[in-house]
Amino acid sequence: DLMDEHDLWKDTMLIVNTDHGFMLGEHDMWAKCWQPFYNEIAHTPLFIWDPRSGKRAERRTSLVQTIDLAPTVLEYFGIDRPKDMLGVPLRATIEADKPVREAGLFGIHGGHVNCTDGRYVYMRAPVSEDNSPLFNYTLMPTHMRGMFGIKDLKTTELAEPFEFTRGVRTMKIQSGRGWDPHRFGTMLFDLESDPNQEHPIDNPEVERMMTGHMVRLMKENDAPAEQYERLGLA
């Protein structure tokens, strides 16, 4: 209503999105952030109005991620994005469904590492039952509901900088078992034939392709070395 009242549609970008989905009984789950991250959680709503193209009431099939939102806003205002920002502006995708990536990573610390190319979803589980090796890298040793305890902090060492920390070293702290994704195992889904992700497939050729995407993206994101060991990719 305010956009209409103040005639903002002609010069204002509007982005509507969420940070995660919500289970309403699918996969016998309720609420948010259950493991594994099925599409009900991971495939989130996204609506973008860009007054430069004026496209509306149209769908796009190109794979985009929330990391693209900041670059999209920066590009809209004519501001160069930082060199360590991995997202990309979505202007051409909004206008003409131009693809911006082959695949994307998603997940949560200590859970599956997931990769999708828009058709296939690959959920890679840790090879070890205890989900190791797994570390927190942080400058603020805080869990969701409290500070790290003495037992946690006794394992602290300083890590070398990541590409995205701009020369700053972080605390490397041994993590607990986490979400226990090992019990689900590694899974591969074909969304074209199984949009509800109810029947994992066994297709070595597709798994090799998705593993290739995963390793490439992990390297682009400067994933720590032990993640490859944890996932059996070393």
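This briefing describes the nonpolar cores, selected helices and strands, and salt bridges of the structure above.

The model is predicted: local features require pLDDT of at least 70 and side-chain atom pairs pLDDT 80 or more, whereas totals for chains, interfaces and linings use all residues. Residues are numbered from 1 along each chain as its sequence is written, and side-chain values use heavy atoms, with hydrogens and water left out. The largest nonpolar core has 15 residues, and the structure holds 12 salt bridges.

**Nonpolar cores**

- A nonpolar core is a set of buried Ala, Val, Leu, Ile, Met, Phe, Trp, Tyr and Cys residues joined through side-chain atoms within 4.5 Å. Buried means under 20% relative accessible area, exposed over 50%, and partly exposed in between (1.4 Å probe, protein chains only).
- Within the largest core, of 15 residues, those with the most contacts inside it are C115, L188, M210, M214, M218 and L233.
- At least two residues of this core come from each of β6 (113-116), β7 (120-124) and α6 (204-220); α6 gives the most, with six residues. Helices (H or I, at least four residues) and strands (E, at least two) are DSSP runs, numbered from the N terminus.
- L233 touches R124, T211, M214, V215, M218 and Y228, not counting residues up to four places away in sequence. Contact means heavy atoms within 4.5 Å.
- Another core, of 10 residues, lies apart from the largest one and includes M23, M29, I41 and M123.

**Helix α3**

- The buried residues of α3 (residues 69-76) are L69, P71, T72 and Y76.
- These residues lie on the same side of α3, because they cover an arc of only 165° around the axis. The arc is that of the directions from the helix axis to the C-beta atoms.
- The packing partners of the buried α3 residues are β1 (14-17) and β4 (46-49).

**Strand β13**

- In a regular strand the side chains alternate between the two faces of the sheet.
- From β13 (residues 187-190), M187 and F189 point one way and L188 and D190 the other way; all are buried.
- β13 runs antiparallel to β7, and four bridges join the two strands. Strands pair if DSSP finds at least two bridges between them.
- M123 has M187 as its bridge partner in β13.

**Salt bridges**

- A salt bridge is a side-chain nitrogen of Lys or Arg within 4 Å of a carboxyl oxygen of Asp or Glu.
- R101 forms a salt bridge with D68, with the closest N and O atoms 2.6 Å apart. This pair links distant parts of the chain, 33 residues apart: R101 is in the loop between α4 (91-96) and β5 (104-107), and D68 is in the loop between β4 and α3. Both R101 and D68 are buried.
- E160 forms a salt bridge with R169, the closest N and O atoms being 3.5 Å apart. E160 counts as exposed because its relative accessibility is 54%, while R169, at 38%, counts as partly exposed.
- R216 and E220 form a salt bridge in which the closest N and O atoms are 3.4 Å apart. The two residues are four residues apart in helix α6, so about one helical turn separates them. R216 is partly exposed at 30% relative accessibility, and E220 is partly exposed with a relative accessible area of 42%.
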